[in-house]
Amino acid sequence: MSPTSLPAAFHDIAKRVNNWGRWGADDEIGTLNLITEDVVRRAATAIRTGRRVPLALPLHQDGIQTGLIPGRVNPLHTMVQINQEIFGPGTVATSDDAVTMGLQAATHWDALTHVSHSGKIYNGRPADSITPHTRSQFSGIDKATPVVSRGVLLDVARAKGLDRLPGDHAVTPEDLDEAAEFAGVTVRHGDIVLVRTGQMQVCLSGDKHGYGYPSPGLSFRTPEWFHARDVAAVANDTLTFEIFPPEIEDLWLPVHALDLVEMGMLQGQNWNLEELSTACAEEKRYSFLLSAMPEPFIGGTGTPVAPVAVL
């Protein structure tokens, strides 16, 4: 993607949210630097009842991938030994299994190297530092520090009195303000923000194609909102994270580029926020301790994750 292929509006926002050099020329983790020990101690105070809500989709071969994205295969889970007495007859028997899958196939984090633009990845490093043999030399998902912080659910759909946003709805900064006011929360530096559109309901109904397209998602105006509040990471309940098809014709994945490349902010997709939406509404509070540790695949451009919100 050449610099001239992106419109001036994109470059204007990119300049305003750019974090290159903010944490030094050698930095590889971006906004995860905002999750300090003080932030984690403060996050622990969000636990009141101990209610635990899982946010991951199950991993199985009939998963959400439809073949639209080449190589992003649903988990192929096979048994490699079953009740095998490997130390001889009459000894303890073991069963083992193995899996092949796309690292972004289900509930996942995108690493900062998941996308590039204008030949660059986060912190101004060259995009060609990602190779078949070395994978991501810089900012691979293995470099991510422990992702444990205060989580905040911005339930945009519920704030509007809807079960699910329409497929053509781009979630704007104004929508995020409305959801924060509805929740009675102030997003703070180091928070992990979860944005619910309700689109996951389509996936859970079995309509995998309808889940992916058309889909509500984040507007390319939202990175400035997250940057202004020093958010550490953002995840939502859609396949593409941002609205799909895009708001601006032929401007594909601008939010990915702004979040990951310019800001250095992890973003997550395919998070199941339905149970959390219900739990937060029942308890009348929308902040919690969130544990969402990446699997440390060396040089990975993404990773499966099994997040848990603790209320």
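Mentor: A residue counts as buried under 20% relative accessible area and as exposed over 50%, and it is partly exposed in between. Please keep in mind that the model before us is predicted.

Trainee: Why is R16 called partly exposed?

Mentor: The relative accessibility of R16 is 48%, and since the label "exposed" needs a value over 50% while "buried" needs one under 20%, the residue falls in between. E224, with 26%, is also partly exposed.

Trainee: What makes the contact between E224 and R16 a salt bridge?

Mentor: Side chains of opposite charge can pair when their charged atoms come close. The cut-off between a side-chain nitrogen of Lys or Arg and a carboxyl oxygen of Asp or Glu is 4 Å, and in the pair of E224 and R16 the N to O distance is 2.5 Å, so the pair qualifies. Because E224 belongs to helix α7 (residues 222-228) and R16 to helix α1 (residues 8-17), the bridge ties together parts that lie 208 residues apart in sequence.

Trainee: Is R285 buried or exposed, and how do you know?

Mentor: R285 has a relative accessibility of 9%, and because this lies under the 20% limit, the residue counts as buried. E283 reaches 21% and is therefore partly exposed. The closest N and O atoms of E283 and R285 are 3.0 Å apart, and the two form a salt bridge. Through salt bridges that share partners, R51, E282, E283 and R285 are joined into one network.

Trainee: What makes β1 and β14 stand at the edges?

Mentor: Consider the whole sheet, which is open and has mixed pairing, with nine strands in the order β1-β15-β13-β7-β9-β11-β12-β4-β14. Each of β1 (52-54) and β14 (302-304) has a single partner strand, so one side of each is left without a neighbour in the sheet.

Conventions
Residues are numbered from 1 along each chain as its sequence is written. This is a predicted model: local features need pLDDT of at least 70, side-chain atom pairs count only at pLDDT 80 or more; totals for chains, interfaces and linings use all residues. Side-chain values use heavy atoms; hydrogens and water are left out. Helices (H or I, at least four residues) and strands (E, at least two) are DSSP runs, numbered from the N terminus. Buried means under 20% relative accessible area, exposed over 50%, partly exposed in between (1.4 Å probe, protein chains only). Two strands pair if DSSP finds at least two bridges between them.
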